[in-house]
Amino acid sequence: MCGVAGFWGGGCVESGVAQQMALRIESRGPDDAGVWIDEAAGLAVAHRRLSILDLSPAGHQPMESPCGRYVLVYNGEIYNHLELRADLEAEDGAFDWLGHSDTETLLAALRYWGVQGALERVNGMFAFALWDSVERRLFLARDRIGEKPLYYGRSGDAFLFGSELKALSAHPDWQGEADRDALALCMRHNYVPAPWSIYRGIAKLPPAHYVVIGENGRSIGEPQCYWDLGQVAEKGGSVSAGEPEALTDDLDNLLGDAVGRRMAADVPLGAFLSGGYDSTTVAALMQAQSERPVKTFSIGFHEDGYNEAQHAKAVAEHLKTDHTELYVTSEEAMAVIPKLPTIYDEPFSDSSQIPTYLVSQLARRHVTVSLSGDGGDELFYGYGRYFTAQRIWGQLGRLPLPLRRLASASIGRAPGRALETAMGALPKRLRFNHLADRLPKLAEILGHASGEDFYRDLVSHTKHPDQLVLDAIEPYTILNRSDRLPNLPGLRERMMYLDQMTYLPDDILTKVDRASMAVSLEARVPLLDHRLVEFAWRVPTKFKYRDGKGKWLLRQVLYRYVPQQLTERPKMGFGVPIEHWLRGPLREWAEELLDERRLRDEGFFDAALIRKMWGEHVSGKRRWHYYLCDVLMFQAWLEHWKQ
């Protein structure tokens, strides 16, 4: 795993500037560094290397092609690079390899097949920049699912790009103006979705796209899609996938191959293990292919309802892995919070970023590569919100819209807190908790015209972010443009598609990449092998959701390796008790960031509205922690990066 950075234009080309950009992301690649300059063109590219395959100097980057025309800086792993080498040699026997790194393979593929042709053949996670010195064009590309990040855009007179925003901010032309519209998106999602970034004029390259830059960095083309998930989903939904036993065999074989490919490394390797379906499946398939105990890692918490370590330990004992677990206190977990603005460079408020960082830190003490079980929920219908949405909308959607909107208006005026107090006299089985929160949400739900609108509301934090963020207009995304959705059979399929396009790359994979890279650990995600994604879309939903449970087919594979009773338990998630921390040990920190005068002086938020939410949350009147965390992460980010 590595980090890339570079610039084009903006005056004199100095290697020191490129070195400083790369130094900002040193944790992505502490083993080696390099800079390459085209003085005539005014371009510089830089690289930081975390050596995984071919630890020799033959894997050094930036890497120049033998003909001297192309230069590549690349972050990631190409899992089929040996097959690509064989294909290249079969088509043209003139290849004279200098080493066995996948970087050299990727550069040869790009030179021989072109960018589009190479991208269509590659199986991997990656973000790269390829310089064509003859045509003076710069190509930026990102992997199909979005495991590896890439930012780019113009700032001042220079075109800048890099694996993380902190690399761009090291350039002298960096301006770094916060984008209020992107902030509105962040308040809805708890992250800034691609193609936006928190900075005006700087974009995230979407997954499965490449972009061509020309004219000394002044011409930025429209991102080109080389693998269309919408087409994959549409095509898959129309295919008959066979019987359950045959499907289970196919998935078992495909998973085994995907895991095996991600076990290729010239450094120590292990796996994150929570004890849930996904991470257990990955660990089981690793152990099945390993001659020695696989190293597995878990983080435990002392708080009830947040600890999965005991489940992971039971799985590890059954699989006979070399298991390491670490129980952390709430104080140790909260100590991560001040680091978050530096790790993420953008406001990012998924609370599971804290345990993800801690388990990455634990794993890095023992290994350089760790496999992760992310992706199973989005591919195989695993999230509880899918069941909630299908159940509720399946009932509400039958009612006429005018009637639902009338009910919405009535419920919206109901005194939820007073009703909840009055219900205290009833037996526990007849009470409804948190009515002050739930009645407004129910009112909002009833007013929606479609299942997609309902799901957008369900996954949104702030429902109307342009009311919270001053002078902001929330941009359109796929979540609020149902006309952009592919032709899928029902709400179940549309929810999975929406999550694969948004939540998976912009939240889950962003979290895993930044948390692991902050400690110089490479995280690999076997379930997101693009062949598995395509297979999952070919599987009818009835084999994902069955007998009232999700991930049915994935679990059939898992039960071949692990007894059912070890994994059959309610889904817990990977969060921390942030709701209670904000009322307790984090209250002083939050109060300082949410000071009314400070909010007014900075001018990003409606200070009165935020203070109202904060007061209600602290008093216990309402639970606003999701909303407030989004604001707090922006405030912490602003405090750090405005210095």
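**Salt bridges, aromatic pairs and a charged patch**

A salt bridge joins the side chains of Asp252 and Arg560, at 3.0 Å from N to O. The term covers a side-chain nitrogen of Lys or Arg within 4 Å of a carboxyl oxygen of Asp or Glu. Asp252 lies in helix 7 and Arg560 in the loop between helix 23 and helix 24, so the pair ties together parts that are 308 residues apart in sequence. Helices are DSSP runs (H or I, at least four residues), numbered from the N terminus. The model is predicted: local features need pLDDT of at least 70, side-chain atom pairs count only at pLDDT 80 or more, and totals for chains, interfaces and linings use all residues. Residues are numbered from 1 along each chain as its sequence is written, and side-chain values use heavy atoms, with hydrogens and water left out.

Asp252 is buried, with a relative accessible area of 10%. Buried means under 20% relative accessible area, exposed over 50%, and partly exposed in between (1.4 Å probe, protein chains only). Arg560 counts as partly exposed at 36% relative accessibility. Arg560 also forms a salt bridge with Asp249, with the closest N and O atoms 2.6 Å apart. Asp249 is in helix 7 (residues 244–261), so this pair ties together parts that are 311 residues apart in sequence. At 32%, Asp249 counts as partly exposed.

The structure holds 39 salt bridges. One of them pairs Arg188 with Glu474 at 2.5 Å, N to O. Arg188 sits in helix 5 (residues 180–189) and Glu474 in the loop between helix 19 (465–468) and helix 20 (491–501), 286 residues apart. Both Arg188 and Glu474 are buried. A network of salt bridges links Arg28, Lys148, Glu164, Lys166, Asp345, Asp513 and Arg514.

Aromatic pairs number 22. Rings of Phe, Tyr and Trp (its six-membered ring) pair if their centres lie within 6.5 Å; planes under 30 degrees apart count as stacked, over 60 as edge-to-face and the rest as tilted. Phe605 and Phe634 form an edge-to-face pair, 5.5 Å centre to centre with 85° between the planes. Phe605 lies in the loop between helix 26 and helix 27 (607–619) and Phe634 in helix 28 (residues 625–641), so the pair ties together parts that are 29 residues apart in sequence. Phe605 and Phe634 are both buried. One aromatic cluster is formed by Tyr381, Tyr383, Tyr386, Phe387, Tyr455, Tyr503 and Tyr545.

Asp595 is placed in the loop between helix 25 (587–593) and helix 26 (596–602). Asp595 is partly exposed, with a relative accessible area of 34%.

Note on methods: Helices (H or I, at least four residues) and strands (E, at least two) are DSSP runs, numbered from the N terminus.
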